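Subject: Handing over the structure

Hi,

Here is the structure I promised to pass on.

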Amino acid sequence: MSVTVENLEKSMAKMIVTVGADDFEKAMTRAYNKNKNKISIQGFRRGKAPRKMIEKMYGPEVFYEDAANFVIQDTYEEAANESELDIVSRPEIDVEDIGVGKDFVYSAVVAVRPEVTLGEYKGLEIQKREAVVTDEDVDAELNRVREQNSRTLTVEDRAIEMDDTAVIDFDGYVDGEQFQGGKGDDYPLVIGSHSFIDNFEEQLIGKNVGDEVDVNVTFPEEYHEESLKGKPALFKVKIKEIKTKELPDLDDEFASEVSEFETLAEYKDSIKKNLQERKDQQVKNEKENEAVDKAVENITVEIPEPMIDEQVRQMVNEFAGRIQQQGLSFEQYMQMTGMTADNLMSQMRPDAEKRIKTSLTLEAVAKAENITASEEDIDKELDNMASMYRMEKEKIQDMMGDAEKEQISKDIEIRKAAEFLVEQAKEVEKKDEE
């Protein structure tokens with residue numbers, strides 16, 4: 001096999017791959033073995049006709065497509081390595097020459113990692129930020145934990161109040177007619193959640209179990225169902241049950257039940273410490289994002305379209321994985337939202353381009369500043385992975401190939417490049433909006 005490379009415009013390249021006639025002949029034999037059971041020749045049982053006989057009757061071209069695919073599958077990766085190109089897209093492959101007894105020649109047009117010219121990246125101005133945890137922040141976290149540990153009680157001695165959950169049956173009418181989707185039984189409606197049309201929930205306050213209530217509302221002009229936009233509606237509602245939350249008291253007993261601490265004071269100190277760590281990380285991320293965004297604005301680069309296509313495909317796959325974790329198939333999500341694959345990819349394209357520019361910028365900064373991943377950096381990263389996946393570090397190392405190890409080093413270098421931009425930046429007070 002031999003490979004020649006032709007550099008094209010806009011960070012594209014064309015590989016011409018020549019595979020020897022002997023290797024193509026082996027691929028033709030594989031194609032014959034794959035297809036012989038599908039071809040009928042008079043005088044031979046199915047699958048028993050010799051290749052020469054089939055080629056004489058149908059021409060050798062009958063096997064060309066599969067033979068070409070076999071050769072390309074077997075040689076492309078090796079050809080890409082031999083080319084020494086930094087390929088960042090799927091190949092666009094064309095067969096250039098094919099025939100029995102001849103060398104097989106194909107071309108592969110690929111996007112290569114584009115050259116980046118850095119602009120200003122040191123001394124960038126970023127907004128000064130401080131990670132401050134207030135007493136209100138601690139109280140909000142305490143109340144969140146109280147909500148998690150609340151008890152739901154059935155109310156029997158009073159009417160509905162704000163924040164109660166009313167279990168209701170409802171039936172909706174527009175112009176005197178029931179409408180689709182306007183009926184529900186045993187629906188738990190949290191009063192004050194604004195999950196129903198405006199003013200619906202407020203009309204239930206003060207009502208008791210067993211009451212039947214006429215609720216009058218008007219659908220908003222921007223309502224998703226065209227036939228209901230702006231229409232007045234009547235809901236006949238029956239109150240079946242009233243429930244309320246009982247929050248635990250904020251005391252030492254509460255602290256000991258929800259944490260490892262014996263007193264509320266210790267628990268609050270722990271919450272403040274954890275919130276501080278989260279805010280510190282948040283501020284760090286915000287500074288890095290601002291510094292990186294400004295450095296990205298100053299670069300000069302021409303990104304090949306196939307590189308963006310590849311990034312979009314990766315983002316769609318990531319999105320589909322998140323949807324599946326929520327119990328929906330990607331197809332179900334698309335049906336429910338009315339979204340098409342083309343629409344989704346189009347929406348993701350600007351973010352894909354930004355991701356690429358960000359990565360290219362940080363790689364260029366790392367190269368310009370000789371930023372590398374030390375053995376200590378890599379060892380620390382492996383420790384973090386072992387803790388995250390609850391595995392022994394040695395097992396993780398054994399599972400990794402050269403490509404995975406190289407990716408870890410690259411990720412560390414990119415992180416350190418982002419930190420470098422912040423270290424070199426000038427923090428300034430936020431300017432008042434005019």
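A word on the ground rules. This is a predicted model, so local features need pLDDT of at least 70 and side-chain atom pairs count only at pLDDT 80 or more, while totals for chains, interfaces and linings use all residues. Residues are numbered from 1 along each chain as its sequence is written, and side-chain values use heavy atoms, with hydrogens and water left out.

Pockets first. A pocket here is an open set of points on a 1 Å grid over the protein atoms alone, where a 1.4 Å probe fits, with protein on both sides within 12 Å along at least five of seven lines; lining residues have an atom within 4 Å of a point. Volume is the space filled by probe spheres set on the points, which are joined across faces, edges and corners. Helices (H or I, at least four residues) and strands (E, at least two) are DSSP runs, numbered from the N terminus.

The largest pocket has a volume of about 880 Å³. Its lining has 31 residues, and Gln 311, Arg 355, Ser 359, Glu 363 and Ile 414 lie nearest the centre. Two or more lining residues come from each of helices H3 (64-83), H6 (264-297), H7 (305-325), H9 (341-368) and H12 (402-424). H9 gives the most, with 7 residues. By class, the lining splits into 12 nonpolar, 9 polar and 10 charged residues. For those classes, Ala, Val, Leu, Ile, Met, Phe, Trp, Tyr, Cys and Pro count as nonpolar, Asp, Glu, Lys and Arg as charged, and the others, Gly among them, as polar.

The second largest pocket holds about 320 Å³ of space. H9 again has the largest share of the lining, here 5 residues. Glu 363 is one of the lining residues, and others include Asp 86, Arg 113 and Lys 367. This lining has 6 nonpolar and 6 charged residues, but no polar ones.

Next, two buried residues. Glu 381 sits in helix H10 (residues 375-389). Its relative accessible area is 18%, so Glu 381 counts as buried (under 20%; exposed is over 50%, and partly exposed is in between, with a 1.4 Å probe and protein chains only). The Glu 381 side chain makes a polar contact of 2.9 Å with the side chain of Arg 415. A polar contact is a pair of N or O atoms within 3.5 Å; within protein, one must be able to donate a hydrogen and the other to accept it, and residues adjacent in sequence count only if both atoms are side-chain atoms. Ser 89, in the loop between H3 and strand E3 (92-97), is buried too, at 9% relative accessibility. A polar atom of the Ser 89 side chain lies 2.9 Å from the backbone nitrogen of Ala 111.

Now the loop residues. Asp 163, between strands E6 (151-155) and E7 (165-174), has a positive phi near 80 degrees and is exposed at 58%. His 194, between strands E8 (177-190) and E9 (212-218), has a positive phi near 55 degrees and is exposed at 54%.

Last, the hairpin: E1 and E2 form it with 4 residues between them, and Lys 10 in the turn has a positive phi of about 55 degrees. The two strands, E1 (residues 2-7) and E2 (residues 12-19), run antiparallel and are joined by 6 bridges.

Cheers

Terms used: Pairing = 2+ DSSP bridges.
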